[in-house]
Amino acid sequence: MNTPTLAPHESMELHEALNFKTLCLAKSKLMQGLVFDQELKALMQKDVIQSIQQIAELQTIYARAPFQAPVPNSPTPITH
């Protein structure tokens, strides 16, 4: 049975969504330490849990991308 693959533009859009969701997750985790309101902290924790689930789902879909590159051990810095 053939597994359908994503078109290149779909792969790029999915990659962008995955990056955005990962950034949102990191921000929610970091900001929890600065929040003293318990309701807001609980809401942020709920966002963290949902984001982890959504990232896992996106990664499953991303596995169907027609191209993938390994993640480098030490990325080249953007600025010099």
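Me: Which residues of H2 are buried?
Reply: In this predicted model, Met44, Val48, Ser51, Ile55, Leu58 and Tyr62 are the buried ones in H2. Buried here is under 20% relative accessible area, exposed is over 50%, and partly exposed is in between, with a 1.4 Å probe and protein chains only. Helices are DSSP runs of H or I with at least four residues, strands are runs of E with at least two, and both are numbered from the N terminus.

Me: And what covers them?
Reply: H1 is included in what covers the buried residues of H2.

Me: OK, H1 then. Which residues are buried there?
Reply: Ser11, Leu14, Leu18, Lys21, Leu25, Ser28 and Gln32. They pack against helix H2, residues 38-62.

Me: What does Ile55 touch?
Reply: Leu18, Lys21, Thr22 and Leu25, if you don't count residues up to four places away in sequence. Contact means heavy atoms within 4.5 Å.

Me: Which residues make up the largest nonpolar core?
Reply: Nine of them: Leu6, Leu14, Leu18, Leu25, Val48, Ile55, Leu58, Tyr62 and Ala65. H1 and H2 are the elements that give two or more residues to this core, and H2 gives the most, with four. A nonpolar core is a set of buried Ala, Val, Leu, Ile, Met, Phe, Trp, Tyr and Cys residues joined through side-chain atoms within 4.5 Å.

Me: Switching to Gln32: buried or exposed?
Reply: Gln32 counts as buried because its relative accessible area is 15%. Leaving aside neighbours within four places in sequence, Gln32 is in contact with Lys41, Met44, Gln45 and Val48.

Me: What about Gln45, where is that?
Reply: Gln45 is in helix H2, and at 34% relative accessibility that residue is partly exposed.

Me: Last one, how do the spans of H1 and H2 look?
Reply: The expected span is 1.5 Å times one less than the number of residues, so the 25 residues of H1 (8-32) should span 36 Å, and the end C-alpha atoms are 36 Å apart, which agrees.

Note on methods
Residues are numbered from 1 along each chain as its sequence is written. This is a predicted model: local features need pLDDT of at least 70, side-chain atom pairs count only at pLDDT 80 or more; totals for chains, interfaces and linings use all residues. Side-chain values use heavy atoms; hydrogens and water are left out.
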